[in-house]
Amino acid sequence: MTAITSCHFRRIKKDIPNALFVHIIRDGRDIALSLKKMAGFAPLPWDRSETNSLVATALYWSGWCAADASRKSFPADYIEIRYEDLVTNPHETLGKLGSFIDHDLD
């Protein structure tokens, strides 16, 4: 997993001017629970306890998905899609995504 910073967006757009950015966001509570179940996952590297706190896991997740205005430096080339929307309402969500990428997603 790698967080994309504003300098990455600018570099990508410089190298690939037609690049589109699709950001799929999953509910942080689900992410925290999933990460907590991973064997050996430690959100805080110095925390060697068997039971890492859910709070620490949630903080780890929020660091990856923190809203960054610089991601929206290219608003016409950036879209956020919620994972839960893909699961609960796939036709509408894929229609929105398909329109964004100018491709029919059925």
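These are questions and answers on how labels were assigned in a predicted model.

Me: What ground rules apply to the model?
Reply: It is predicted: local features need pLDDT of at least 70, side-chain atom pairs count only at pLDDT 80 or more, and totals for chains, interfaces and linings use all residues. Residues are numbered from 1 along each chain as its sequence is written, and side-chain values use heavy atoms, with hydrogens and water left out.

Me: How many helices and strands does the protein chain have, and in which order do they run?
Reply: The protein chain has five helices and two strands. From the N terminus the order is α-β-α-α-β-α-α. Helices (H or I, at least four residues) and strands (E, at least two) are DSSP runs, numbered from the N terminus.

Me: Why is Thr93 called buried?
Reply: Its relative accessibility is 9%. Buried means under 20% relative accessible area, exposed over 50%, partly exposed in between (1.4 Å probe, protein chains only). Thr93 is at 9%, so it counts as buried. Thr93 sits in helix 5, residues 90–101.

Me: What does Thr93 touch, beyond residues up to four places away in sequence?
Reply: Ile81, Asp85 and Leu86. A contact means heavy atoms within 4.5 Å.

Me: Why does Lys13 count as buried?
Reply: Lys13 has 11% relative accessibility, therefore it counts as buried. This lysine lies in helix 1. Leaving out residues up to four places away in sequence, Lys13 touches Asn18, Ala19, Phe21, Phe74 and Asp77.

Me: Why is Asp15 partly exposed?
Reply: Its relative accessible area is 46%, so Asp15 is partly exposed. Asp15 belongs to helix 1, residues 6–15.

Me: What makes the pair Asp15 and Arg11 a polar contact?
Reply: Their side chains are 2.8 Å apart in this contact. The criterion is a pair of N or O atoms within 3.5 Å; within protein, one must be able to donate a hydrogen and the other to accept it, and residues adjacent in sequence count only if both atoms are side-chain atoms.

Me: How do you know that strand 1 and strand 2 pair?
Reply: Five bridges join them, and they run parallel. Pairing requires that DSSP finds at least two bridges between two strands. Strand 2 covers residues 78–82. Ile25 stands opposite Arg82 in strand 2.

Me: Which side chains of strand 1 are buried?
Reply: Phe21, His23 and Ile25, which point to one face.

Me: What makes up the nonpolar patch on the surface?
Reply: Leu20, Val22, Ile24, Tyr83, Val87 and Ile101, with about 490 Å² of accessible area together. Strand 1 and helix 4 (83–88) each give two or more residues to the patch. Patch residues have over 30% relative accessible area and no salt bridge; like charges are joined within 9 Å, nonpolar side chains (Val, Leu, Ile, Met, Phe, Trp, Tyr) within 5 Å. A salt bridge is a side-chain nitrogen of Lys or Arg within 4 Å of a carboxyl oxygen of Asp or Glu. Areas come from the Shrake-Rupley method with a 1.4 Å probe; for residues, only the protein chains shown count as cover.

Me: Why is Ile101 called partly exposed?
Reply: Ile101 has 32% relative accessibility, so it counts as partly exposed. Ile101 is in helix 5.

Me: Why does Asp102 count as exposed?
Reply: Asp102 reaches 71% relative accessibility, so it is exposed. Asp102 lies in the segment after helix 5. Its phi is near 55°, positive in a residue other than glycine. Most residues other than glycine have a negative phi.
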